[in-house]
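User: I would like to know what stands behind the structural terms used for this model. Please set each one against its definition.

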Amino acid sequence: MGNKQLKIVLIGGPSTGKTTVLNTLKSKGFFCLEEISRAVTIQAQKEGISQLFLSNPLLFSQKLLEGRENQFLEAEKTNSKIVFFDRGIPDVKAYLDYFKTEYPPIYSEKCKEFTYDLIFHFKPWKKIHVIDNERYESFDEAIKIDGFITQAYTSLGYQIIEVPFGDVKQRVDFIINSLPNE
């Protein structure tokens with residue numbers, strides 16, 4: 001690994017356990033950058049827009065793209081050898097593809113400009129799937145979205161590591177044990 005920073009993305013459809021695992025990794029001292037779509041959604045709700053992604057998908061996606069690009073650059077400014085991201089830049093394009101939304105080439109260009117080292121995939125899991133104020137997708141929708149997300153990463157040449165179902169400790173241990181040795 002040398003001096004290179006290892007950038008790791010946790011991917012998967014909505015409500016698959018990514019954030020819970022990320023929070024546990026953070027509690028173990030890893031540098032972690034949280035999913036920003038909830039913050040964008042909550043801000044829009046404060047401004048009277050119940051679901052910005054549904055009412056203006058390109059504006060929502062532009063805010064996500066900018067936020068994820070800023071997270072990437074923020075990570076590079078740290079001395080952390082390992083950085084975990086709750087979703088990456090290709091997720092933005094995947095959601096636009098899922099909703100059949102036309103978008104400018106910048107979304108594809110940013111996916112190639114900002115690259116990651118490891119991709120851990122959390123498969124849809126009915127047992128833990130929940131719907132709340134910011135997460136409105138049904139389990140069937142989550143499965144479809146997950147397909148678009150995995151396609152977005154594989155089309156960019158990423159090898160995807162499947163995180164097995166299990167309790168949080170098992171999933172975190174799997175990820176930590178999958179990291180390359182220095």
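Predicted model: local features only at pLDDT ≥ 70, side-chain atom pairs only at ≥ 80, totals over all residues.

Analyst: Residues are numbered from 1 along each chain as its sequence is written, and side-chain values use heavy atoms, with hydrogens and water left out.

User: What makes β3 count as mostly covered?

Analyst: Buried means under 20% relative accessible area, exposed over 50% and partly exposed in between (1.4 Å probe, protein chains only). In β3, 5 of its 5 residues are buried. I82, F84 and D86 lie on one side, V83 and F85 on the other.

User: Why are β1 and β3 said to pair?

Analyst: Pairing requires that DSSP finds at least two bridges between two strands. β1 and β3 run parallel and are joined by 5 bridges, so they qualify. F84 of β3 is the bridge partner of I8.

User: How do you know that the buried residues of α6 are on the same side?

Analyst: The buried residues of α6 (residues 106-113) are Y107, K110 and C111. They cover an arc of only 105° around the axis, which puts them on the same side of α6. The arc is that of the directions from the helix axis to the C-beta atoms. K112 and E113, on the face turned away, are exposed.

User: What makes a set of residues a nonpolar core?

Analyst: Its members are buried Ala, Val, Leu, Ile, Met, Phe, Trp, Tyr and Cys residues joined through side-chain atoms within 4.5 Å. The largest such core has 30 residues, and α5 gives the most to this core, with 6 residues.

Key
Helix = DSSP H or I, 4+ residues; strand = E, 2+ residues; numbered from the N terminus.
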